Amino acid sequence: MNDDSPAQDLPRLRLGLYIETLKARMPEPQYRLLMDVIRMWAENGGGTVRLRMDDEEKKLFTRDVQREMLNIMGLIGALRPGHEDRADHVVADLGDGEHTSGALTLVPPEVAADPERLRTMRDELDAKADRRKKDEAALDGIARASGMLPEQPDERVDRSERDDRED
């Protein structure tokens, strides 16, 4: 059998078609931001990426854009031989936890249909967010004690907390 069979090109063609469809239906600024995030994610080898966005980018990075980002990640994952099933994964809303809010994830359809599994995933993500927050606070304290940081918290870090209290 020929190694360049159309079936082997299907994941790449599916990804290309999906991206072209997004380009046609998504507002240009959102599409550009989405492609920038995907490019950064891919250049860093996939996995978890921590984003820092200005206020305009945050407005553009809506839940719909986040969902599309996850869909594209699944389609990119499907490019690897043996992982073609990732193209069929769906975006699942994990809901809110104590330390996370509105988490989304890409999962196989059978996981998306299982509320208990989704709750377990949310709880695990919530525990990681709690650990990360505590680790960051400890590192911040060490840096302040050693004179590496000013005594006052950074305004950019506290802006979202301050906005929540003003409502």
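This is a predicted model: local features need pLDDT of at least 70, side-chain atom pairs count only at pLDDT 80 or more; totals for chains, interfaces and linings use all residues.
Local features are described where pLDDT is at least 70, side-chain atom pairs count only at pLDDT 80 or more, and totals for chains, interfaces and linings use all residues. Residues are numbered from 1 along each chain as its sequence is written, and side-chain values use heavy atoms, with hydrogens and water left out.

**View 1. Asp-9 and Arg-12 form a salt bridge.** A salt bridge is a side-chain nitrogen of Lys or Arg within 4 Å of a carboxyl oxygen of Asp or Glu, and a search of the whole structure finds ten of them. Here the N to O distance is 2.7 Å. Asp-9 and Arg-12 are three residues apart in helix α1 (residues 6-25), so about one helical turn separates them; helices (H or I, at least four residues) and strands (E, at least two) are DSSP runs, numbered from the N terminus.

**View 2. Asp-88 and Arg-14 form a salt bridge.** The closest N and O atoms are 3.5 Å apart, and the pair links distant parts of the chain, with Asp-88 in the loop between α4 (63-77) and β1 (90-95) and Arg-14 in helix α1, 74 residues apart. Asp-88 is partly exposed at 45% relative accessibility, where buried means under 20% relative accessible area, exposed over 50%, and partly exposed in between (1.4 Å probe, protein chains only). Arg-14 is partly exposed too, at 39%.

**View 3. Glu-116 and Arg-119 form a salt bridge.** Their side chains meet at 3.0 Å, N to O, and the two residues lie three apart in helix α6 (residues 115-145).
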